[in-house]
Amino acid sequence: MPSTTLLRNAHVLTMDDAGTELAGGWVRVRGAVIEAVGAASDDPGPVDESIDLAGHVLLPGLVNTHHHMYQTLTRVISGAQDASLFGWLKALYPIWARLTPEMIRVSTRTAMAELLLSGCTTSSDHLYLFPNGSSLDDQFEAAADMGLRFHAARGAMSVGESKGGLPPDSLVEDEAEILRDTQAKIERWHDASRFSMRRVVVAPCSPFSVSTDLMRESALLARATGTTLHTHLAENDSDVAYSRSVFGCTPAEYAEDLGWTGPDVWHAHCVKLDEAGIARFGRTRTGVAHCPCSNMRLGSGIAPVTRMRAAGIRVGLGVDGSASNDSSHMLAEARQAMLLSRVGTASEPDVEKRHFMTAREALALATRGGAKTLGRDDIGVIAPGFAADLAAFDLRGVDHAGAQSDPVAALVFCTPSRAALTMVNGRQLVRDGRLLGSDERGLAEVHNRLARELLVS
């Protein structure tokens, strides 16, 4: 019989259909699954371990729907700090061409450590370049070490500069080899079962780095293998201009023409998705990874998240690459999503029609919204039968002093803090704000050494 753990005396934010919150509530975990949830007056029964979370908010583990973990090695590179998307990429492609398998493994561990410390329990990652023998295998091995629930997107670039694409020819792959390797990775790593810890996503990089043939064939491969699809779309004005110039259509039309709409697809960014595109994605239940920090960092604009959600689009949050965000903190991402949505409605002339995203709506995007975007029905909610993926935040410090009237809102309005407890699949991976089972400082030292080697190679 699996052991039981009781998380008690917390303000429990369940994210269930009713938006239930339990002041002084508890959650009983058996093995890897939530067994029961109760109010302070309910008897939780006998358990093997009890953790007192007085003064904490307990919520479902946060879900990150878009990342490039290798980019933790190239944060704040001076030549790319003030560039927009295309200039930023051109500055960094030559550096990324020197990545090694060790760098992929260590950067994945670093990014996952940062995510876990921010209360994130599930993350997708979009690795789309594989120089010097790098492989998706390197990421899965790192994920197994860290214990994070992981959706690895096998990205790809196949159209280099000589064929009108953005990346250098040295970083692109042969399309037949891309499809062959993607199939092999699905066969080796993909687990579609409930509570799965690892899944493979079919993920050509972007309209300006792959062919339409690869996009079509990738969609066919994903549907033949029961996997999901992910790419970048409509990130900024240059991205839209490229689609119109090369393909003669909008990004949303491009996606639909190539089979890239539906409940098994989610696109990153969609900052410049037009009204027809919003309607098209809503009608097909296509998903979007909203990356507010990256969109601000690169000056891409403000994604129309309120209109997307109203149209029925599945929307989750993504921290994006740590060279376009420079952080992998999911609670910080939720805060920026809330604040940026308020700036985004400022152009609405009728003040009464402006919708200010609430703190709870931002947390819904970071939990249940992310789960739906990734196509999961077993995470993102605190309820019996769901995975024991949980995050608790201690609100008793000076950062939250004076904010006790609404502890849930305080999580988002006040300074984003480290998680006091992060549990994934019933395993405690962060306790008292410290990463368990990994030497955080030692990991950072190895990471920094590799980052220096990458820059001077």
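**View 1. Left-handed crossing of helices α2 and α14 in a predicted model**. Helix α2 (residues 101-117) and helix α14 (residues 440-456) cross in the left-handed sense, that is, the near helix is turned anticlockwise from the far one by less than a right angle. Their axes lie 10 Å apart at an angle of about 135°; axes are lines fitted to C-alpha atoms over the stretch in contact, with angles from 0 to 180 degrees between N-to-C directions. The two helices are therefore oblique, a class left after under 35 degrees (roughly parallel), over 145 (roughly antiparallel) and 65 to 115 (roughly perpendicular).

**View 2. Residues in the contact of α2 with α14**. From α2, E102, M103, V106, S107, R109, T110, A113 and L117 meet E440, L443, V446, H447, R449, L450, E453 and L454 of α14 (contact: heavy atoms within 4.5 Å). By class, eight residues of this contact are nonpolar, three polar and five charged.

**View 3. Strand β15 and its partners**. Strand β15 (residues 421-424) pairs antiparallel with β14 (residues 390-394) over three bridges and with β16 (residues 427-431) over four; pairing requires at least two DSSP bridges. A392 stands opposite L421, and V424 opposite R427. In the β15-β16 hairpin, with two residues between the strands, N425 has a positive phi near 55°. L421 and M423 on one face and T422 and V424 on the other are all buried (under 20% relative accessible area, 1.4 Å probe, protein chains only).

Residues are numbered from 1 along each chain as its sequence is written. Local features need pLDDT of at least 70 and side-chain atom pairs 80 or more, whereas totals for chains, interfaces and linings use all residues, and side-chain values use heavy atoms, without hydrogens and water.

Definitions and conventions. Buried means under 20% relative accessible area, exposed over 50%, partly exposed in between (1.4 Å probe, protein chains only). Ala, Val, Leu, Ile, Met, Phe, Trp, Tyr, Cys and Pro count as nonpolar, Asp, Glu, Lys and Arg as charged, and the others, Gly among them, as polar.
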